[in-house]
Amino acid sequence: MRHTAVEDWSRGSSFLHQRAAGAKLLTIACLLVLLATAHRRIVVLSAALFLLLVWAIVAARLPLRGILSRAAVVLPFGGIFALISWLSGDNGRAVELILKSYLSALAVLVLMGTTTLPELVRTLELIKVPPFLLTVMQFLYRYLFVVLDEASHMRSAAASRGGMTFRAATGVLAVLFARSYSRAEGIHRAMMARGFDGRFRLLAARRFSAADAQFAAITILLLLLLRASAEVLH
Amino acid sequence: MHIPDGFLSTPVWAALDALAAPAAAFAARRAQRGFDDSKAPLLGVMGAFVFAAQMINFPVGVGTSGHLVGGALLSVTLGPAAASVVMTAILVIQALLFQDGGVLALGANVLNMAVVGVLAGYLPYHLWGRGRTRRAAIFAGGALSVLASAVLALAELLLSGVRMPGSVLGISLGLFLISAMIEGAITIAVVTALENIQPGFVRQPAAGHSVLLSAVGITAVLLAAGGVVFASTAPDGIEHLAIQAGLSKPLSNYGGGAGVAGVGLVFLLLIVGGRVIRKRSA
């Protein structure tokens, strides 16, 4: 079964992969907030954060080019707004938009490239995200590629029958809807028959160990230092 | 329309995160009600459906094609609370695994698309979804859901100080209107096709609607539209007013009007939407 590249990356075994999801979530959240609230010396701060993230990618034995280019999907949207800002005379904002959006995407990729989705979900549950929402997310992800494949087949079928007209596309969606719905009913019945009660029982989350605490503390301290220097050295 | 990180100012993304969390929790509780078994598999798979559906191109003219966003379609088939949960799940997966939308900006995106977008998609159907106005109501729902989400996103960006000269604003609004029309057309087309496959897919709206609710709904839309148009045509006037009113910092260009429009729309939609949901469960 196909899945995203990120899922493959998240199944590694580097020391970063072995850190508790909560520690990684905390440090990345910290990075995102520090980046979002920074306005001085953005270029220097961004360079420092970029190096930090590249180090993390290499330490986690993740494909550097793959991740750097995957983060680049935010650039078209950011680029348009940056261009408009630049042309309106707001050069600072233009630079900020590009740097912040790219680095934020990169940071999230580093998180998801070293943490499996089930682990992340388990941690989100601990911080009181509604379990129902999390279960829906997991089912969504599980069946995403099944439904995508089906949609892709229908698209080819329509194309070979005279192109995707508005009418044909409507038919594709309606049939896809109906099949998804009945697939979901089948899944529901099958899971009920196996004792599903609405919640996935995951293996116990990795215990938060001393190593995790150290990792989180050191990294967050480093981030704070970087941000502080950016402010002070202005 | 998914806002990435780095675009919104801190007060804006933080406030929206704080607003979106209880809204999402409310929708989750609501969507689960009345069933002993879990609806999670259904909602999850329908989320996967919307994901896949967003990739099907609908040709709409010379070289242009649009695609379904899905808020209105989901709300008319699953109900607004379930639709909201599905859209939230989609947005979180998109932010985490596809870098479509920021993580700190999730509150904004969830409010725009999973809360306001879904409510705006459902409201016309709830009010006018019976009888002769049914098809128009479904079309209006699709159009309104896209329009509301887009206008809100625009307002949030402007409030955060992102520059948008008048011409760009005008083009954006034009594009929003076109997308809105496309969403309306696709939504009604798919709903019609679904009813041919199995009438039970599309739920009947609650019987009896109040004139007051209709009036409030229309007012909300007019206020929002008016706010945005006003903002795009008289930015200097707004800034002047704002400074005169005692605001210490002159609002960024267009931020004032668009901000008012956005806030007005959210406020009114939430009030009306709240009453609609309470009515449905009565």
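User: Which residues form one aromatic cluster?
Analyst: Phe77(A), Phe81(A) and Phe7(B) form that cluster, where rings of Phe, Tyr and Trp (its six-membered ring) pair if their centres lie within 6.5 Å, with planes under 30 degrees apart counted as stacked, over 60 as edge-to-face and the rest as tilted. Please keep in mind that this is a predicted model, in which local features need pLDDT of at least 70 and side-chain atom pairs count only at pLDDT 80 or more, while totals for chains, interfaces and linings use all residues. Residues are numbered from 1 along each chain as its sequence is written, chains are lettered from A and ligands numbered from 1 in the order in which they are written, and side-chain values use heavy atoms, with hydrogens and water left out.

User: How many aromatic pairs are there over all chains?
Analyst: A search of the whole structure gives 11. In one pair, the ring centres of Phe177(A) and Phe49(B) are 5.3 Å apart and the planes stand at 85 degrees, so this pair is edge-to-face. Because Phe177(A) lies in helix H9 (residues 166–193) of chain A and Phe49(B) in helix H2 (residues 40–53) of chain B, the pair joins two chains; helices (H or I, at least four residues) and strands (E, at least two) are DSSP runs, numbered from the N terminus.

User: Are Phe177(A) and Phe49(B) buried or exposed?
Analyst: Both Phe177(A) and Phe49(B) are buried, a term that means under 20% relative accessible area, against over 50% for exposed and partly exposed in between (1.4 Å probe, protein chains only).

User: And what about H2(B) as a whole, how many of its residues are buried?
Analyst: In H2(B), 14 of the 14 residues are buried, so this helix is largely enclosed by the rest of the structure. At 1.5 Å a residue, H2(B) should span 20 Å, and its end C-alpha atoms are 19 Å apart, which agrees; the expected span is 1.5 Å times one less than the number of residues.

User: What else is in chain B?
Analyst: The secondary structure of chain B comes to 10 helices and two strands, and from the N terminus its elements run α-α-β-β-α-α-α-α-α-α-α-α. Of its 282 residues, 59% count as buried.

User: Where does Gly70(B) lie?
Analyst: Gly70(B) is in the loop between strand S2 (64–66) and helix H3 (71–78) of chain B, and this glycine is buried, with a relative accessible area of 1%.

User: Then how about the second largest pocket, what is its volume?
Analyst: The second largest pocket has a volume of about 820 Å³. Of the 30 residues that line this pocket, the closest to its centre are Leu124(A), Ile127(A), Val129(A), Val103(B) and Leu106(B), and the largest share of the lining, six residues, comes from H2(A).

Methods
On a 1 Å grid over the protein atoms alone, a cavity is a set of points where a 1.4 Å probe fits but cannot get out, and a pocket is an open set with protein on both sides within 12 Å along at least five of seven lines; lining residues have an atom within 4 Å of a point. Grid points are joined across faces, edges and corners, and a volume is the space filled by probe spheres set on the points.
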